[in-house]
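This report concerns the interface between two protein chains and the contacts that form it.

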2 protein chains.
Amino acid sequence: MADIVIIGSGNLATHLSKGMKLAGHKIRQVYSRDRQHALSLAMAVDAEAITSLDEVTLNAELYLISVSDNAIGQVIAGLPRDLQGIVAHTSGSTPLDVFRGQPWAYGVFYPLQTFSKTKSVDFKQIPMAIEGQNESVTEQIKAWAITLSDRVFICDSKQRLALHVAAVFACNFSNHLYAVAEKLLIQNDLSYDLIKPLIWETAQKAMIFSPSEVQTGPAVRNDHQTMQKHLLFLKENSDLAALYETISQLITKRT
Amino acid sequence: MADIVIIGSGNLATHLSKGMKLAGHKIRQVYSRDRQHALSLAMAVDAEAITSLDEVTLNAELYLISVSDNAIGQVIAGLPRDLQGIVAHTSGSTPLDVFRGQPWAYGVFYPLQTFSKTKSVDFKQIPMAIEGQNESVTEQIKAWAITLSDRVFICDSKQRLALHVAAVFACNFSNHLYAVAEKLLIQNDLSYDLIKPLIWETAQKAMIFSPSEVQTGPAVRNDHQTMQKHLLFLKENSDLAALYETISQLITKRT
């Protein structure tokens, strides 16, 4: 079990620190520039709240940088030079070499999941992509990661970026399509609830089958008549009509 | 309980006839131009197989036209003029007035779900959009529909088209995004399985929250640095890069 410092107080920092605490680790400190955020998360995980990187304790075992990607560089530059433990970021799209030239041992600890403040998650099922600057660091990070998740795997920075991009398509973009459906239903005096079973069934199919092999709908059938009806229906929503055409073409081309 | 003739033998016709039989109705006949298809479904639901519309029995109570949208007109033209029962199609994007001028009572019986041959579905949870040429026909169709589903509702043809378009976005297009993720993972020697918990969580969130209110990812955060990294990663896949930009812009604009 590790002594951990959490740098950050957003959704991921919150879920990670609660998850690590539940897994038996000790959260020593929580850092946020915003005192209120630091205090609130620190209280929840029984840690000290700090608002300056100078206050970071030197003798923790793991420093988890869980801030927005744009702020990782700043945090790295601001951390004390003489930290004893391993410093790891939790970002999908930031390569390991963001740490290059730093005096500490370093790595990556990336949970492939979407986190929101209002919904708890079961880390056991969350794939955890880890990377270390060398084998012994990788092994140490792995040992901590498996206390949290049953699905820990080692991957390099390019693969992690692929995962992150794939996640944007499968998660963020799918959610936007749900939101488009919601908007169309509400515009037509229909309840968003009506579409839920379909969303559910589609996701469930993706658990069992290869999505590329179970594609349905007018585009994969090359049913131009139906697509024309849909485009006509969307004529007042030119953005959505364009999106409809773009995705339909990709489906037809099987891209 | 009704005596039913099923016109068609595709996925929807198959699931509907099995569902109606399970609900206690009698499937009298199954029509398909393809003898083998007609026989195979007819056998499964204990019905007579027919391959010509001239053979359709005149005294059933419900004639369900469950063929591809493009073929509905032909089927209507080919059905005997002197049918006794109600003729209904099962299409989301075909208006009720496709029946205008026909001698029979007519309506629509549209289950909002995606069907595949290999996966059974629970009709009880499937929203069923119905429409009839007048109130008494609507009431009769509704009475049959509620034997199948707990979520029957009446809507007009324009609303049904909205449902169908919404379903294409939320279901067909989401599935395509899953397929994009699958492709990116495989291209990078990663298992498609890795993304499944994320797909699942995203769909689960859509059951509880309004999708437009729980959008996550770089686009909604206006995180240009991450989006640029992703676009660079996609530079060999120009179609996917274009799709990435299109959807990200819509999310940023909150369209």
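The model is predicted: local features need pLDDT of at least 70 and side-chain atom pairs count only at pLDDT 80 or more, while totals for chains, interfaces and linings use all residues. Residues are numbered from 1 along each chain as its sequence is written, chains are lettered from A and ligands numbered from 1 in the order in which they are written, and side-chain values use heavy atoms, leaving out hydrogens and water.

Chain A places 89 residues in contact with 89 residues of chain B, contact meaning heavy atoms within 4.5 Å. About 9,000 Å² is buried between chain A and chain B, with 67% of this area given by carbon and sulfur atoms; buried area is the accessible area (1.4 Å probe) that two parts lose on being put together, summed over both.

Between chain A and chain B there are two salt bridges, each defined as a side-chain nitrogen of Lys or Arg within 4 Å of a carboxyl oxygen of Asp or Glu. Over all chains, the count is 14 salt bridges.

| Salt bridge | N to O distance |
|---|---|
| B:Lys253 and A:Asp239 | 2.8 Å |
| B:Asp239 and A:Lys253 | 2.8 Å |

B:Asp239 belongs to helix α8 (residues 238-253) of chain B and A:Lys253 to helix α8 of chain A, so this pair joins two chains. Helices here are DSSP runs (H or I, at least four residues), numbered from the N terminus.

The axes of α5(A) and helix α7 (residues 224-233) of chain B come within 10 Å and cross at roughly 105°; axes are lines fitted to C-alpha atoms over the stretch in contact, with angles from 0 to 180 degrees between N-to-C directions. α5(A) and α7(B) are therefore roughly perpendicular, a term covering 65 to 115 degrees. From α5(A), the contact involves A:Lys158, A:Leu161, A:Ala162, A:His164, A:Val165 and A:Val168, and from α7(B), B:Thr226, B:Lys229, B:His230 and B:Phe233.

Definitions and conventions. Parallel < 35°, antiparallel > 145°, perpendicular 65-115°, else oblique.
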